[in-house]
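Let's take a walk through this structure together.

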Amino acid sequence: MSNWKKTLATIAPTIDTELGGPLAGVAVNVASKALGIEPTEDALKEVILQGNPDSLVKLKEAENDLIINLEKMGVERERIASLDRDSARKREISVKDKAV
């Protein structure tokens, strides 16, 4: 894990988790809007690496907003993650990939 991802996981673990899942776009958009940056993972990475305390506070606030919005939307993150894993398993079976 790169340093910026470790920082993100510490400050905003939900955003970090969602970046690796089916709600990655939502996570990037929420964080980018709070930070006033382009909605890309690269732009988010750059802001985190700069380590500006005000930006990191805004990122934490975005984390809290994301959690509230996910709960309001009734998004069941564990169910989504489970479906994502199931989809990956089905893909592995269909293409007959071998475990590394």
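What you see is a predicted model, where local features need pLDDT of at least 70, side-chain atom pairs count only at pLDDT 80 or more, and totals for chains, interfaces and linings use all residues. Residues are numbered from 1 along each chain as its sequence is written, and side-chain values use heavy atoms, with hydrogens and water left out.

The protein has 6 helices and 0 strands; these are DSSP runs numbered from the N terminus, with helices being H or I of at least four residues and strands E of at least two. Starting at the N terminus, the order reads α-α-α-α-α-α. The C-alpha trace spans about 45 × 35 × 20 Å along its principal axes. Of the 100 residues, 28% are buried, where buried means under 20% relative accessible area, exposed over 50%, and partly exposed in between (1.4 Å probe, protein chains only). Now for contacts, meaning heavy atoms within 4.5 Å: among those with a separation of 6 or more, 53% join residues 24 or more positions apart.

Next, find helix H1, residues 3–11. Which of its residues are buried? They are Trp 4, Lys 5, Leu 8 and Ile 11. These cover an arc of only 135° around the axis, so they sit on the same side of H1; the arc is that of the directions from the helix axis to the C-beta atoms. Here's a handy bit of background: an α-helix has 3.6 residues a turn, so residues three or four places apart point the same way. Over on the other side of H1, Asn 3 and Thr 10 are exposed. The buried residues of H1 pack against helix H2 (13–19), H4 and H5.

Let's look at one of those partners. H1 and helix H4 (residues 41–50) pack at an angle of about 80°, their axes 9 Å apart. That makes the two roughly perpendicular, a label for angles of 65 to 115 degrees. On the H1 side the contact uses Trp 4, Thr 7 and Leu 8, and on the H4 side Glu 41, Lys 45, Ile 48 and Leu 49.

Finally, hop over to Ala 62, in helix H5 (residues 53–73). Is Ala 62 buried or exposed? With 1% relative accessibility, Ala 62 counts as buried. Leaving aside neighbours within four places in sequence, Ala 62 is in contact with Ile 15, Val 30, Ala 31 and Ala 34.

Terms used
Axes are lines fitted to C-alpha atoms, for helices over the stretch in contact, and angles run from 0 to 180 degrees between N-to-C directions. Angles under 35 degrees count as roughly parallel, over 145 as roughly antiparallel, 65 to 115 as roughly perpendicular and the rest as oblique.
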